[in-house]
Amino acid sequence: MLSKEKVLELHPDFPPEFLKYLSSDSVGSDGTTLATAHYRWGGNQRQYLKVDVAAVYKLWKSLSEPAENPELANTQLTGRLEKYADDRIRSGSKLKDWQIAASRLKEAQLAQLRNQRTATVFAKLSELGYQTVDFPRWHHEVRKPETLTDEEWERIRPFIIDAAESNKTRRIVNEQRFKKNRRTKDLTTLWSGVVAVASGTRAVNMSEKAACPLLNEFLDLAPVAALMEADTDGISGQELNSIRPDALQFAIQGRRQYLVRLHNIRNGLPVDQVDEEEWASLSNDEIISKLDTIAADLIQAVNGFWDSKRKTVEWYPGACLKAASLDPDVLSAAEHLAPGLIARMLERIGKDPSTEAGAAISGNWGRNPVLYRCARCDERLAPTLEFKEMVSHYLEHKVWFDKASDAREKAFIESSGSKRPISLSTLFDSHDWNTDGEIVALDSSRDKARITKLQNQVEVAYGNEPEDYAGEDFTTRSRRSTNKAPERRTRRICRLCPEGFSPKPIYFAALKIHIEHVHCKVANAEEDTVAFDPSRDIAPANPWILDVPSIAL
């Protein structure tokens, strides 16, 4: 078959108007055609038989050359081509009708053979105990349009049974999963109702339900696990009612253990201290009421808990507290570490310390949290933090300052009898919230712009070595001096801090501010700092070094 472009390429002088008589959808003298809506060989592009084109072209040449009159040759050729096309259409129509009928008959015969073979295979599988859903109805050996003989069945039997067995296994697994999901749903509904009862008046706060044991803990109980393992489609109401009292007792006891341990940590008592005789004398309703009272006290905004492992402060009923397993070596009351800190911060931002934590600082947990600036840090390095992060910032500094002070005194005492006793350097607690002055600031747009400019100037100076200052303020240095020699960006540590308590290695521009604020002196690079070489030196390894604020002043 040739396209129109190919025909004209082979015979450039051939008149294009004759092509319609030669295509795969020839048009007769009366306009009839054998063409369909689409063409088999190339979308809607007509195709031409190569032998027909060659024969017609030869005939056209033979008619046009002797007559030396192309118009006469075209007229003569048109008559012949119309007759040729009419003959093709008459015979082609009959052949086309026959072909369609034969194709439909053949397809019906094949469908009948296929259906008979499928029915035979299904009957044999049913005799072997397989269900209708297990039948591999789309297996190619099942769909083959051939009569299934005994010999043919023996040949394909292993393949068909393997496919049916695979379908059966999948069906059983899905049925078991569905049944287990139904049982899990029934038990989850039961547990949700039990937790709501055990949570008492605090159940209105969804997060406080976390004080009760988790669903997985409930499902691990022996009678509950037995119901889960039973191969039943759901759990009857009678069976659910039989475990409801035990489930309620389990929820109450779990909530009691959690709240009492947290209450003991809050009040500085041994974490496991509990008067079992007193609790045993109470009914379930009385226990729930007493737990509600404890929860109402714990949830106050002033009652923060310091997690020394995560270096963050959380409030009841934060999930973080539960994740810490209320380990007294990890969790401690922020009020004991920093008495009055949270109350003063809440007062500064206009919140009542006695309100619930969520309501007091809810503006800090949304999509656009309220950010505060630490008013005790130098503005050039002061961090901007959310409320809970700001409390953590002060607590980190408090823990660091206490440990650093103890290490400083210990080092001084140990060296007092030596030939070269060390002298005590000044160690000032710049984050003492009990002293006069603001502790947090909520900056205006103008203040934010001013402080951002100051902090950008410090960042510009990060690449400068101490000798680059030459007595001038580092904030006057340009960014070009930073980029001129990037290999000179040496990080340094503070020699005035007790060993192991220096801030992490930082640039002198920031370390200079640390020395001014914490050690109350003008920084001397040679005497007060030392360059830190990561290939040679080891960063401060004191176990309390993590308590140094990320931006230490």
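This report walks through selected strands, helices and loops of the structure above. The model is predicted.

**The β1 strands**

Start with β1, residues 304–307. G304 and W306 point one way. F305 and D307 point the other way. All four of these residues are buried.

Strand β1 pairs with β2, residues 312–315, through four bridges. The two strands run antiparallel. In this pairing G304 stands opposite W315 of β2. Strand β1 is also joined to β3, residues 331–333, by three bridges. That pairing is antiparallel as well. Here D307 faces L331 of β3.

The β1 and β2 strands form a hairpin with four residues between them. K311 lies in that loop.

**Backbone features in loops**

Most residues other than glycine have a negative phi, and most peptide bonds are trans. Two residues and one peptide bond in this model call for a look against that background.

K311 has a positive phi of about 55° although it is not a glycine. C520, also not a glycine, has a positive phi near 55°. C520 sits in the loop between α18 (508–518) and α19 (525–528).

Are these two residues buried, partly exposed or exposed? The table gives the values.

| Residue | Relative accessible area | Class |
|---|---|---|
| K311 | 23% | partly exposed |
| C520 | 47% | partly exposed |

K311 is classed as partly exposed because its 23% falls between the cut-offs of 20% and 50%.

The peptide bond between Y316 and P317 is cis, with omega about 5°. P317 belongs to the loop between β2 and α10 (319–323).

Strand β4 covers residues 372–374. Two bridges link β4 to β6 in the antiparallel sense. C374 stands opposite V440 in β6.

**Helices α4 and α6**

Two packed helices are described by the angle between their axes and the distance between the axes. For α4 and α6 (residues 222–229), the axes come within 9 Å. They cross at roughly 150°.

Which residues meet at this contact? From α4 come K180, R183, T184 and L187. From α6 come V224, L227 and M228. The residues of this contact divide into four nonpolar, one polar and two charged.

H139 is placed in the loop between α3 (70–127) and α4 (150–198). Why is H139 counted as buried? Its relative accessible area is 18%, and buried means under 20%.

The side chain of H139 reaches the backbone nitrogen of E141 at 3.0 Å. Leaving aside neighbours within four places in sequence, H139 is in contact with F159, I160 and A163.

Definitions and conventions: Residues numbered from 1 in each chain as written. Predicted model: local features only at pLDDT ≥ 70, side-chain atom pairs only at ≥ 80, totals over all residues. Heavy atoms only, no water. Pairing = 2+ DSSP bridges. Buried < 20%, exposed > 50% of the residue type's maximum accessible area, 1.4 Å probe, protein only. Polar contact = N/O pair within 3.5 Å; in protein donor to acceptor, adjacent residues only side chain to side chain. Contact = heavy atoms within 4.5 Å. Axes fitted to C-alpha atoms, helices over the stretch in contact; angles between N-to-C directions. Nonpolar A, V, L, I, M, F, W, Y, C, P; charged D, E, K, R; others polar.
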